[in-house]
Amino acid sequence: MYKVILATRYLLKRRITYFAVLAVALCVFIVVVVMTVMTGLVSDFKQKNHSFVGDCVVGTKSLVGFAYYEDFVKILDSKDFVEGVSPVIQSYAVLSTRGGDFKKGVEILGIDPVRHSQATGFGKTLYYRKDDVSKAFEPVYDPNLLGCVIGIDLVLLRDAKSAYLYEPRPSETAISISCFPLTAKGALAKAGAGLVNAQTFYFSDHSHSGLARVDNSLVYLPFEQGQLLCMSGAIKRASAIHIKFKPNTKLQDGCEKVGELWQKFKQEKAGEQQANLLDTVTVQSWKGYRRAYIAAMEMEQMVMSAMFAFEGITTFFIVFVVFYMIISHKSKDIGILKSIGVSNVDIIELFSGFAFLVGLLGSGVGLFVGWLFLLKINRIEDWLFEHFNFQLWDRTIYTIGDIPSRMELRVLIVIVLSAIAACLVGALVPSWQAARSRPVETLQVSQL
Amino acid sequence: MVNALSLRAGPVTGALISDNMNKDDFILKTEGVYKSYRMGATKVEVLKGVDLAVKKGEFVAIVGASGSGKSTLLHILGALDKPNKGVVAFAGRDLSGFSAGELNRFRNKMVGFVFQFYHLLDELSVLENVFLPMMASKSLVGWFACRRRAKSRAGELLAQLGLRDRANHKPYQLSGGERQRVAIGRALMNEPEVLLADEPTGNLDSATGNGILDVLEKLNKVGQTILMVTHDERIAERAGRIITLADGKIT
């Protein structure tokens, strides 16, 4: 009991202890804020990628695409674990406005809007046709025109706070999409002067996926138009098939099942004319398909975590030094305690208890201040932007609205336990040295 | 000021002391105790073969000049330090044969220390300082079981030492004499067999020092064995027996 009483009194009565508590609180505060925001950003980024891609993708990186996709779509449609299937045409093109005053290289995605909305979150990214995805390619100003859906950053401007300046109706804008059609063998389909396929589309809607790269360079076209523009040949081809699983199907299980179906399908098509195109096709979960992008974000999170882990180590040394000073000041107490029969283990337990309290209190303060800060982080950022034109996260890079501020219990527990552990480790060496000290030395007149 | 009869509640029993020990047996005994320290490259011989025997109920004063080894001897007798050579026996048992746990129990229950500079814990109240040895000997559960009895005994000790109204004060709020009486209360809390006092009046004025010696005398009269170290022969005269330590030996 005396250990509890003394540890508590040391905590409350020694001013130097407040520095240790402050160091722990600051560290916990910073780590809580950074980890919450980074975890939120990464989680948001992953969720957006998941929504953009669906659960699983059967596809090829080759611009030639692969044949017999319709047969495989039928197989997938018949499976009870599949909720949505969407074949797509994926290629690159040049977008130009009528008159040619604006030209930009873009990525095109030929889709069936209804199917694609069943397999991915495409429908939710629309603005004017959100409620009726089947009309995504029908401009509201003239449904008979051939429409296209354009990445929001290609269409809309933003205000000073990076908020999009939406318009009540899409403007009647004609754009030309030009690309090189390829044969099944990968050769240019059109020899001579007319190498390029070009088609005029009318702006029908914009898509806001929340992924900067997508929103800045992707144009959705009707599937058949995409096929006509990019792929030539008697046998129809597609670039990929996006799949969404039923909610009760685990991602890995679903992908494995699709993989097995694909292998079987490939064997069945082995003798077909364009069977060789199937060799380039892979079956990947959304995480694998978007790995290049997600990995970069995760790396950023890891680097940030590592940086703040170093800060944690610094805190550990601060705690170590503070404890060394505190315990050095308490050498007389240690001598007194030993003179009344307190053991070395009890001395270590006493100062470990003290360290635990410092860690607990510091973590509590850090968590509370962190929570307050996160509660107001978006207001703080708005204020900084208004007064200093400063944004914590550049919205041209991070396509986010508000800064994520939802604290995760698991992360918080890890941070608090780490802080307490750092305090205990920081106090261990001085405690051990104190426990080993000889009472006659600490109780000597010269030591007073 | 002090009701000495109630300061000692009764005999302490346990594995550290023999139950059939009689009045004429030595409670503390040393044979050929040597102790040296290293001070840089120099080896300082502090004790050079000390033979000492203290009977139960004796009040012994050890006198000697500064640096003669008085405090070192007291620390060795109280198991705060170990001799380089020689035997220190408590109630017939050689302290060198005690395990670490037994030595801790010995310091907690068999001896009580009173230091020149009181050595009270500043973070604890006067009452808490007094019952600290009992609290230190108990587990958390054990303490909750006996805390009322401990507080009551500590309160009694403080009352008998004239400090009833100082129980909730902090040590720094007390005078030197009051602090030393608190230290005596702490030393007596677990009813030790031997009270070891290291210059208990060394930091006090003459009148206050005499008050402390009165307390010790009264304790001795009711059977408390006391070993007191002092450099002042007039103070030593208050003891029943004086041992002089000079140049590391008893003369």
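Let's start with confidence. This is a predicted model. Chain A averages a pLDDT of 85. In that chain, 95% of the residues score at least 70. Look at the elements of chain A next. Strand β10, residues 240-245, has the highest mean pLDDT, at 95. Helix α16, residues 439-442, has the lowest, at 74.

The largest nonpolar core has 120 residues. Which residues have the most contacts inside it? They are A:V24, A:F354, B:V130 and B:L227. Helix α2 of chain A, residues 15-53, gives the largest share of this core: 14 residues.

Leaving out residues up to four places away in sequence, A:F354 touches A:A7, A:Y10, A:L11 and A:A427.

Next, helix packing. α2(A) packs against helix α11 of chain A, residues 291-329. Their axes are 10 Å apart, and the angle is about 170°. Angles over 145 degrees count as roughly antiparallel, so α2(A) is roughly antiparallel to α11(A). What sits in that contact, by class? There are 23 nonpolar, 5 polar and 3 charged residues.

Last stop, chain B. Take helix α1, residues 70-77. Is that helix largely enclosed or left open? Largely enclosed by the rest of the structure, because 8 of its 8 residues are buried. The buried residues include B:K70 and B:H75, along with B:L73, B:L74, B:I76 and B:L77. Just after α1(B) comes B:A79, with a positive phi of about 60°.

How values were computed:
Residues are numbered from 1 along each chain as its sequence is written. Chains are lettered from A and ligands numbered from 1 in the order in which they are written. This is a predicted model: local features need pLDDT of at least 70, side-chain atom pairs count only at pLDDT 80 or more; totals for chains, interfaces and linings use all residues. A nonpolar core is a set of buried Ala, Val, Leu, Ile, Met, Phe, Trp, Tyr and Cys residues joined through C-beta atoms within 7 Å. A residue is buried if 20 or more other C-beta atoms lie within 10 Å of its own, exposed if 12 or fewer, and partly exposed in between; C-beta atoms are placed from the backbone. Helices (H or I, at least four residues) and strands (E, at least two) are DSSP runs, numbered from the N terminus. Two residues are in contact if their C-beta atoms, placed from the backbone, lie within 7 Å. pLDDT is the predictor's confidence in each residue, from 0 to 100. Axes are lines fitted to C-alpha atoms, for helices over the stretch in contact, and angles run from 0 to 180 degrees between N-to-C directions. Angles under 35 degrees count as roughly parallel, over 145 as roughly antiparallel, 65 to 115 as roughly perpendicular and the rest as oblique. Ala, Val, Leu, Ile, Met, Phe, Trp, Tyr, Cys and Pro count as nonpolar, Asp, Glu, Lys and Arg as charged, and the others, Gly among them, as polar.
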